[in-house]
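Here's a quick briefing to read alongside the model. Have a look at the fold first, then work through the notes.

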Amino acid sequence: MIRIHEVHKNFGNHIVLNGISFEVTDNEIVVILGPSGTGKTVLLKIIAGLIKPDSGSIFFDGKALDQMVPDEIYELRKQIGFVFQGSALFDSLTVYENIGIAIEEHTNWKRGKKQERIKQILEIIGMPNKHRLRPKDLSGGMMKLVGIGRALALDPPYLFYDEPTVGLDPIMKSRITELIITFRDRYQKSGIVVTHDLESAQLIGSKLYMLKSGKIQKISTIAKEKYE
Ligand SMILES: Nc1ncnc2c1ncn2[C@@H]1O[C@H](COP(=O)(O)OP(=O)(O)OP(=O)(O)O)[C@@H](O)[C@H]1O
Ligand SMILES: [Mg+2]
């Protein structure tokens, strides 16, 4: 479980986050909505430990991120899959290599095991024959799928998605929304989804929050069962 406690972040005299607190319990996906430029990406990166807050703390299963020693932070990195806004794939690498980045960085797996896992991921994201392509050969939706596959590589318990469906056609939107729901229900992934897409937000999230003017507010609790 993740607890976010009184997080503040300014850039110069621009106050972006002004005391943010909420929790993500196990097997739960929290959705964060909010206008553009309001600090959603900054918040998500702070929770994942990619940006430091000015004050406040993030706790993973009760352990404060800012108290962790480098080894613990390294371990935590493996526990979090991050799907970046705009996918952030490496242009010079193939789909296969992009998906394998975390495996290369964090494991000593033998070639066979690596191949097996990447093949499995290609199946999960529905791109079994696209492993040789490079980002320039992919549609926006496929790039998102590869970004999701990359986040999933080490089977982390937490998945953070930054705008996973933005700019996609309705079919791709529902495909990605369904994947996120599958990860939640079948693989028990917890996490946070930042989105502007209210329809997908309502399907995915057990709690919805609005981030605005540096503050976060719960906007409703949606019974999951209602949408299944
Ligand atoms: N490294 C930085 N230095 C200075 N300002 C920054 C930095 N990163 C973000 N900001 C500012 O912080 C604010 C929040 O940015 P952020 O990217 O989190 O917004 P967002 O809610 O994700 O927007 P969008 O919906 O467009 O993705 C913006 O005003 C942005 O310009
Ligand atoms: Mg953003």
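Which residue in β8 is the bridge partner of F160? That's I192. This is a predicted model, so local features need pLDDT of at least 70 and side-chain atom pairs count only at pLDDT 80 or more, while totals for chains, interfaces and linings use all residues. Residues are numbered from 1 along each chain as its sequence is written, chains are lettered from A and ligands numbered from 1 in the order in which they are written, and side-chain values use heavy atoms, with hydrogens and water left out.

**Strand β8 and its neighbours**
- Strands here are DSSP E runs of at least two residues, and helices are H or I runs of at least four, numbered from the N terminus.
- β7 (residues 158-162) runs parallel to β8, with five bridges joining them; strands count as paired if DSSP finds at least two bridges between them.
- From β7 the chain passes through helix α7 (residues 170-185) to β8, a right-handed β-α-β crossover (clockwise from the first strand over the helix to the second, with the strands pointing away from the viewer).
- β3 (residues 29-33) also pairs with β8 in the parallel sense, over four bridges, and I32 has V194 as its bridge partner.

**Burial of β8**
- Five of the five residues in β8 (190-194) are buried, meaning under 20% relative accessible area (1.4 Å probe, protein chains only).
- S190, I192 and V194 cover one side, G191 and V193 the other, and all are buried.

**Magnesium site**
- T41 (OG1) and Q85 (OE1) coordinate the magnesium ion (ligand 2) at 2.0 to 2.2 Å; donors are N, O and S atoms within 2.8 Å of the metal (3.2 Å for Na, K and Ca), and with water not among the atoms, sites may look incomplete.
- T41 sits in helix α1 (residues 40-47) and Q85 in the loop between β6 (80-83) and α3 (95-99), 44 residues apart.

Key:
Buried means under 20% relative accessible area, exposed over 50%, partly exposed in between (1.4 Å probe, protein chains only).
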